[in-house]
Amino acid sequence: MNLPSFIWLWRIAAWSMGLAVFLFVSLLVIGGWMRYLRLQQSTVPSLDEPTATFLGWRRLHFALGVVLVLTVLLLLSIGVVGTLGHFGSLGHSPHLPAGLTVVALTLASAWSATQINHPQKPWARSLHLTLNGLLMIALALVSWSGWVVVQKYLP
């Protein structure tokens, strides 16, 4: 791919990465709030009869999670297209494995979120929390390595 300049692509990537971090922090806050609400009740809200407040937070949390997944997939496509277009091949830095780790953890976290309210899968919530802890570390690493990579493209 021989594009005249990749600066526009890196701008999209920078804004998308900022959005991804913002979404992750928002999900962390909302998830913490939902945990607080759940612990304040004598029974755990179920999908059949959740409290209206809890259901609203759950829907928002799920919607932001979907946007995070889409943003991470956008970042993956920008990285692949930009790197192939600029270098002609992948794997020029630790950013690729860090990025693939973020994608895998994000998708795994999203999948585990869909399993949380299944009565025969009590492990899903702890798996979701563990994956998100690892995702926080991976997001920090991919942000740092991305910054290093972008410096290569700047004149």
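This protein has four helices and zero strands. Helices here are DSSP runs (H or I, at least four residues), strands are E runs of at least two, and both are numbered from the N terminus. Along the sequence, the pattern reads α-α-α-α.

A word on the source. This is a predicted model, so local features need pLDDT of at least 70 and side-chain atom pairs count only at pLDDT 80 or more, while totals for chains, interfaces and linings use all residues. Residues are numbered from 1 along each chain as its sequence is written, and side-chain values use heavy atoms, leaving out hydrogens and water.

Now confidence. pLDDT is the predictor's confidence in each residue, from 0 to 100. The mean for the protein is 86, and 86% of its residues reach 70 or more.

Next, packing. Of the 155 residues, 34% are buried, meaning under 20% relative accessible area with a 1.4 Å probe, protein chains only; exposed is over 50%, partly exposed in between. Take contacts (heavy atoms within 4.5 Å). Among those between residues at least 6 apart in sequence, 72% join residues at least 24 apart.

On to the surface. The protein exposes about 9500 Å², and carbon and sulfur atoms supply 71% of it. Phe-62, Val-66, Leu-70, Leu-73 and Leu-107 form a nonpolar patch there, with about 440 Å² of accessible area together. Which helix gives the largest share? Helix α2 (residues 52–87), with four residues. Phe-62 lies in helix α2. Phe-62 is partly exposed, at 46% relative accessible area.

Methods. Patches are made of residues with over 30% relative accessible area and no salt bridge: like charges are joined within 9 Å, nonpolar side chains (Val, Leu, Ile, Met, Phe, Trp, Tyr) within 5 Å. Accessible areas come from the Shrake-Rupley method with a 1.4 Å probe; for residues, only the protein chains shown count as cover. A salt bridge is a side-chain nitrogen of Lys or Arg within 4 Å of a carboxyl oxygen of Asp or Glu.
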